[in-house]
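Thanks for coming, everyone. I'll keep this short. Please look at the screen while I talk.

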Amino acid sequence: MKKVSKPLLLLTLSTALVSPALAQRQRSVSDPTKPVPPPQAKEQQEQPAQTTKVPVPPAPPKVVPAKYMGGFAGYRKKQEGMLTFDDRNRRLVFRDKNEKEIFSISYDAVMVAFADHETRRLMGQGTSQVVLGTAGILGAPGLLFKKKFEYLTIEFEDQDTYLKGTTQFKLANKELIDSVAYALAQRAGLGQQGEIYARKRSSAGQPASAEKTPNP
């Protein structure tokens with residue numbers, strides 16, 4: 001009995017020593033190297049982010065038929081003509097039927113541009129500014145004529161000549177006005193605020209265009 005019990009004792013001791021080491025090795029192999037995200041989080045990572053695209057108006061024609069309605073200094077008479085973008089000199093140009101230049105507005109001078117459904121009463125000294133009142137350019141509804149058309153309204157303020165005012169051009173339809181207003185806003189560096197394009201003021205209270213270096 002003593003000879004038989006000794007081998008059994010050795011086998012029992014070896015089994016007791018091997019079993020914890022084997023279990024520890026199995027646990028180390030099964031442990032993942034990095035955490036696995038839950039199914040919901042994994043699906044969110046695989047799906048691309050969805051962004052809402054705002055439709056961009058088409059580019060306007062090179063020559064836009066327009067009727068000047070007033071608002072620019074020294075030009076009170078309404079007249080038919082055309083609008084063109086002079087990108088080389090960074091300005092919006094109004095010409096008469098004979099393609100003679102009447103006046104221009106620098107891109108850097110444009111403060112506000114938007115499509116208007118009503119003509120505004122233009123008056124004032126020198127610049128014939130629109131009567132805005134305390135409510136700003138979207139206020140003073142009592143000063144608007146009742147007859148509705150489609151207009152491109154531009155508020156401008158030239159830092160070089162101190163010429164400022166608000167002028168209007170009657171275009172063929174709202175689609176064309178949206179196209180011209182968007183193109184002008186892109187060239188002038190205006191930001192969209194609702195249905196209008198406006199220039200932000202700098203921290204010093206001056207228009208952001210005043211800080212730009214003029215083109216050579």
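A salt bridge here is a side-chain nitrogen of Lys or Arg within 4 Å of a carboxyl oxygen of Asp or Glu. Keep in mind that this is a predicted model.

How many salt bridges does the structure hold? Five.

Start with Arg187 and Asp87. They form a salt bridge, with the closest N and O atoms 2.7 Å apart. This pair links distant parts of the chain. Arg187 sits in helix H3, residues 174-188, while Asp87 is in the loop between S2 and S3. That puts them 100 residues apart. Arg187 is partly exposed, at 29% relative accessibility. Asp87 is partly exposed too, at 41%.

Now stay in helix H3. Lys174 and Asp178 both lie there, four residues apart, about one turn of the helix. Their side chains meet in a salt bridge, 3.0 Å from N to O. Lys174 has 30% relative accessibility, and Asp178 has 27%. Salt bridges that share partners also make one network, joining Asp86, Arg91 and Glu101. Within it, Asp86 pairs with Arg91, and their closest N and O atoms are 2.8 Å apart. Is Asp86 buried or exposed? Buried, at 17% relative accessibility.

Last topic: backbone angles. Most residues other than glycine have a negative phi. Arg90 has a positive one, near 55 degrees. Find Arg90 in the loop between strand S2 (79-86) and strand S3 (91-96). Its relative accessible area is 22%, so Arg90 is partly exposed. Tyr162 also has a positive phi, near 60 degrees. Its loop runs between strand S6 (144-157) and strand S7 (164-170). Tyr162 is exposed, with a relative accessible area of 70%.

Methods
Residues are numbered from 1 along each chain as its sequence is written. This is a predicted model: local features need pLDDT of at least 70, side-chain atom pairs count only at pLDDT 80 or more; totals for chains, interfaces and linings use all residues. Side-chain values use heavy atoms; hydrogens and water are left out. Helices (H or I, at least four residues) and strands (E, at least two) are DSSP runs, numbered from the N terminus. Buried means under 20% relative accessible area, exposed over 50%, partly exposed in between (1.4 Å probe, protein chains only).
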